[in-house]
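These are my notebook entries on one structure. I went through it a few places at a time and wrote down what I looked up.

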Amino acid sequence: MYTRSELLDIVVIDGQARGIVTRNLITGETQTHAAHAVVLATGGYGNVFYLSTNAKYCNVTAAWRAHKKGAYFANPCFTQIHPTCIPVSGDYQSKLTLMSESLRNDGRVWVPKTVEMAERVRKGEVKPQDIKEDDRDYFLERKYPAFGNLVPRDVASRNAKQMCDEGRGVGSTGLAVYLDFADVIKRTSAEAVSQKYGNLFEMYEKITDENPYEMPMRIYPAVHYTMGGLWVDYNLQTTIPGLYAAGECNFSDHGANRLGASALMQGLADGYFVIPYTIGDYLASTPPKPVTTDHPAFAEAKAGVQARVEQLLSINGNRTPDQFHKALGHIMWEYCGMARNAEGLKHAKAAIQQLRREFWQDVKVVGSNEDMNQALEKAGRVADFLELGELMVDDALDRNESCGGHFREEYQTPEGEALRDDDHYAYVAAWEYMGDNQPERLNKEELVFENVKLTQRSYK
Ligand SMILES: Cc1cc2nc3c(=O)[nH]c(=O)nc-3n(C[C@H](O)[C@H](O)[C@H](O)COP(=O)(O)OP(=O)(O)OC[C@H]3O[C@@H](n4cnc5c(N)ncnc54)[C@H](O)[C@@H]3O)c2cc1C
């Protein structure tokens, strides 16, 4: 077990993954490890948006360094935005809190029917519980009578955004909708609701200082899960032989939507049922030659990692890694978030390139390498996010359609639903790294549907 170690590079010898380079987070020591094969299970990259429901440590570094060593990165622009999170409350927030999906079983989602009423609510002149039924718009129930409040996450999120864009959002920022339990409390009892959701209600009250038994919760969508990741084949092998990716760090299983599938289930399936067999098959059919960390490829990868650490420490600029991360997150959320369009994406691409240039001239990493140094850890991850962000934008720009977790405003039905273009975009976009500051090459893996017919989703 190597806890408190961060993987910072993959070692590839004769085209096969043969080891890793890590940094000890307590001592700063760079270490190398040789292996017959390498498995990455390093999670998703939702934190590229800075604010997300993910743990603060979640990052793309392991997958990104593998990408730069030759592993394709697939469908990076597909991000799942979860509809029921506690809204952003201020500039100094570093994380968003998820309110469980299960709440939509009983909670009813609504906003005031008119902009005027929403304004009065935002100013605190009217309390939500005092708004009459006739003055409320239960927009999911109205628009999707068959599914109501249980429409998939992408649909619920986009509709909440639309209500706020129309000026009918609530809360002090206007970026929230209500999730209301008054009906179920009336129909059953507060006690019954507490038995089902008591812990969540308590958490909500602790964070917002509002009692959801007495007034509706305020919720807003937040980045939650990344469907893109390292491209893998059926055996979970990346395009580097001997390098495997399991769980959220690969792109597989959930496709573009992950509308109802379980991420945890995928992680378990990958770890229990796939990897143990496919790695055995790889080792049996491609016996790797003996390799130790004395091989020059380890020294080279180690030197590269150390040089990068030294570079980050030597810049000594004026802005912290967090400041750059926040700025990147803002660009990603505004232009590559719940809704995207070509103009915004082009703007985002230029803005990210500019921010990346500034990062390498002006980042300030305090402390040293020989000690525990979270600023240094963050700086390395932010540097990788700054490259990934541009690829996400490129991927979103390439896909001239709307599809699940990727909604291009130019491509929607007259009712405002996602409009796919299966003739041109029924492929996995697998991006190939071509060198620093070079455009990545797009490889297309065609999606073949043998047993189902592709149709427009409808929740009406
Ligand atoms: C709030 C929340 C609620 C969720 N609820 C559900 C749910 O109800 N159902 C469901 O199916 N899914 C849910 N998910 C999604 C699911 O939890 C994740 O998709 C899943 O945990 C991913 O598992 P993983 O093992 O692939 O990655 P992770 O659990 O993210 O583990 C990755 C590990 O790798 C480590 N790591 C990362 N980079 C490096 C590096 N460079 N070097 C060394 N270590 C590294 C990380 O520290 C972490 O320990 C939820 C997610 C969140 C955030």
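**Entry 1**

I looked up Phe201 and found it in helix α6; helices are DSSP runs of H or I with at least four residues, strands are runs of E with at least two, and both are numbered from the N terminus. I note that this is a predicted model, in which local features need pLDDT of at least 70, side-chain atom pairs count only at pLDDT 80 or more, and totals for chains, interfaces and linings use all residues. Residues are numbered from 1 along each chain as its sequence is written.

Is Phe201 buried or exposed? Phe201 is buried, because 20 other C-beta atoms lie within 10 Å. The cut-offs I used are 20 or more other C-beta atoms within 10 Å of the residue's own for buried, 12 or fewer for exposed, and partly exposed in between, with C-beta atoms placed from the backbone.

Leaving out residues up to four places away in sequence, I list Ser194, Pro212 and Tyr213 as touching Phe201. Contact here means that the C-beta atoms, placed from the backbone, lie within 7 Å. I also took the C-alpha separation of Phe201 and Met217, which is 8.9 Å for 16 residues along the chain.

Glu205 sits in helix α6 too, which covers residues 190–208. I count 15 other C-beta atoms within 10 Å of Glu205, so it is partly exposed. With residues up to four places away in sequence not counted, Glu205 touches Glu210, Asn211 and Pro212.

**Entry 2: positive phi**

I checked backbone angles next. Most residues other than glycine have a negative phi. Leu236, not a glycine, has a positive phi of about 70 degrees. I place Leu236 in the loop between β11 (229–230) and β12 (243–245). Leu236 is buried, because 23 other C-beta atoms lie within 10 Å.

Asn316 also has a positive phi, near 55 degrees. Asn316 is in the loop between α8 (296–315) and α9 (321–336). I have Asn316 down as exposed because it has 11 C-beta neighbours inside 10 Å.

**Entry 3: around the ligand**

Which residues come nearest to the ligand? Of the 21 around it, they are Thr42, Gly43, Gly247, Ala263 and Leu264; near means a C-beta atom, placed from the backbone, within 6 Å. I find at least two shell residues in each of β1 (5–13), α1 (61–68) and α7 (263–285). Helix α7 gives the largest share, three residues. By class I get ten nonpolar, nine polar and two charged residues in the shell. Nonpolar covers Ala, Val, Leu, Ile, Met, Phe, Trp, Tyr, Cys and Pro, charged covers Asp, Glu, Lys and Arg, and the others, Gly among them, are polar.

**Entry 4: domains and whole chain**

I recorded domain 1 as 5–78 + 227–446 and domain 2 as 82–222; the bounds come from an automatic or database domain assignment. Their C-alpha centres are 33 Å apart. Across the boundary, twelve residues of domain 1 contact 17 of domain 2. The touching side of domain 1 has five nonpolar, six polar and one charged residues.

The C-alpha trace spans about 75 × 55 × 45 Å along its principal axes. Buried residues are 43% of the 460.

Note on methods:
Contact = placed C-beta atoms within 7 Å.
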